[in-house]
Amino acid sequence: MNLDFDAPVTQFRAEAAAWLAEHVPARLPSVDTAEGFALHRAFEAELAQARLAAVSWPARYGGRDASLLEWLVFEEEYHAAGAPVRVGQNGLFVLAPTLLAHGTEEQKARILPPMASADEVWAQAWSEPEAGSDLAALRSRAIRTDGGWLLSGQKTWSSRAVYADRAFGLFRSDPEAGRHRGLTYLMFDLHADGVTVRPIPQLDGEAGFAEIFLDEVYVPDRDVIGERGDGWRIAMSSAGHERGLSLRSPARFTAAAARLAGRWQQAGSPDDGSGLAGRVADAWIGARAYQLYGYGLASQAAGAGGGAQASLGKVFWSELDVAIHQTALDLLGPLAELRDTDDARWLDGYLFALAGPIYAGTNEIQRSVIAERVLGLPR
Ligand SMILES: Cc1cc2nc3c(=O)[nH]c(=O)nc-3n(C[C@H](O)[C@H](O)[C@H](O)COP(=O)(O)OP(=O)(O)OC[C@H]3O[C@@H](n4cnc5c(N)ncnc54)[C@H](O)[C@@H]3O)c2cc1C
């Protein structure tokens, strides 16, 4: 069996690597600041001009019709080049695949091109103060009006909503129907009349999140995805993309593990009996295992392994990310606390990695999904 990439994939890798070598900016300010957000947005516009913003999308929406394998290879080059975090990630990796599967042609043609160029950056609006793990408990309402809907209620923990343009999420459109049934999937403008966005500072002090208050916000029918009342089913397809390969491609972890191994060697390959050498090796092996799992999924006709299978990946990558960053901090010791050095990224990365077992559905919930729906154990 020949496991090498074929010529077109290898050629595409070289093209992407060459473009990135020329265009990746020096480290940008945090994406959770106004200045950083604008600079990240500008970089994404450059990517889109080179038709590298969303390579696996159909060409008519700004992609290249690339295969999933080519997309994984692009991600490898992107992360290896140290390119910036994707400011448009919620749209590109969660909403876009949902629209490609469930949206109308009009929605795809209208929404995808400005998403690719980062002219429109999207936030996710699922969680509410009383509805996190138990998302079906959500209470924000969509009330029928002429030609559309009026949205009211409160969403919370919406990543990057402070600077984003639009958001998508679930709303209760039929209060009489069962918990999961009366929900509709809607998109809305964060600058519309009736929307108030209130920033929530994170552990690092930056406003990476926001609460969103909606007071009779008008949304036309064309911004409903799927049928009225069918929102839960479509939201589960979004969740699969958020947990699986789409939002967190293996490249993110192979690049971090390679940096960790490099830093360990730079420190003189310490193996003082504390187990550090073994943990560096474990991090590298874990990242490589996830990479091979990704190649396997991408090579299957069924695609990127959504549904319950995505929960397996989610538990794996989120725990791997914590382990990689924890190992780096232990390697660096007090040096990890210095700001304005190349090593400062490890502490930032560690703080963010701690959120991995929480966002995209907590790991406790994913373990229940795996137990019931992958392993077939009793509830
Ligand atoms: C970095 C980050 C980014 C986020 N971005 C967004 C975003 O953009 N948009 C958005 O809508 N939301 C976002 N969230 C919110 C995230 O989806 C929720 O935090 C998550 O779903 C958990 O909900 P909760 O915080 O209400 O916790 P809860 O649901 O209250 O859970 C609290 C604890 O109880 C456990 N628990 C709850 N129910 C069960 C159960 N049945 N069995 C076992 N254990 C259980 C949980 O695992 C958790 O440990 C983000 C969160 C983080 C940390």
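Me: How far apart are the end C-alpha atoms of helix 3 (residues 68–80)?

Reply: This is a predicted model, in which local features need pLDDT of at least 70 and side-chain atom pairs count only at pLDDT 80 or more, while totals for chains, interfaces and linings use all residues. Residues are numbered from 1 along each chain as its sequence is written, and side-chain values use heavy atoms, with hydrogens and water left out. Helices (H or I, at least four residues) and strands (E, at least two) are DSSP runs, numbered from the N terminus. The expected span of a helix is 1.5 Å times one less than its number of residues, so the 13 residues of helix 3 should span 18 Å, which agrees with the separation of its end C-alpha atoms, 18 Å.

Me: Which helices do the buried residues of helix 3 pack against?

Reply: Buried means under 20% relative accessible area, exposed over 50% and partly exposed in between (1.4 Å probe, protein chains only), and in helix 3 the buried residues include Trp-71, Leu-72, Val-73 and Phe-74 as well as Glu-75, Glu-76 and Glu-77. With contact taken as heavy atoms within 4.5 Å, the buried residues of helix 3 pack against helix 1 (7–23), helix 2 (34–49), helix 4 (89–102), helix 7 (251–266) and helix 8 (276–299).

Me: Which residues does Gly-91 touch, not counting residues up to four places away in sequence?

Reply: Gly-91 has its place in helix 4 and is buried, with a relative accessible area of 0%. Gly-91 and Met-115 are 24 residues apart in sequence, yet their C-alpha atoms are 6.7 Å apart in space. Beyond four places in sequence, Gly-91 touches Ala-96, Pro-97, Met-115 and Trp-122.

Me: Which side chain does a polar contact of 2.6 Å join to that of Thr-184?

Reply: Thr-184 is found in strand 5 (residues 183–189) and is buried, with a relative accessible area of 0%. A polar contact is a pair of N or O atoms within 3.5 Å; within protein, one must be able to donate a hydrogen and the other to accept it, and residues adjacent in sequence count only if both atoms are side-chain atoms. A polar side-chain atom of Thr-184 lies 2.9 Å from the backbone nitrogen of Gly-229. The side-chain partner of Thr-184 at 2.6 Å is Ser-173.

Me: Which residue has a polar side-chain atom 2.7 Å from an oxygen atom of the ligand?

Reply: A backbone N or O atom of Trp-126 lies 2.9 Å from an oxygen atom of the ligand, and a backbone N or O atom of Ser-127 lies 2.7 Å from one. The polar side-chain atom at 2.7 Å from a ligand oxygen belongs to Thr-362.
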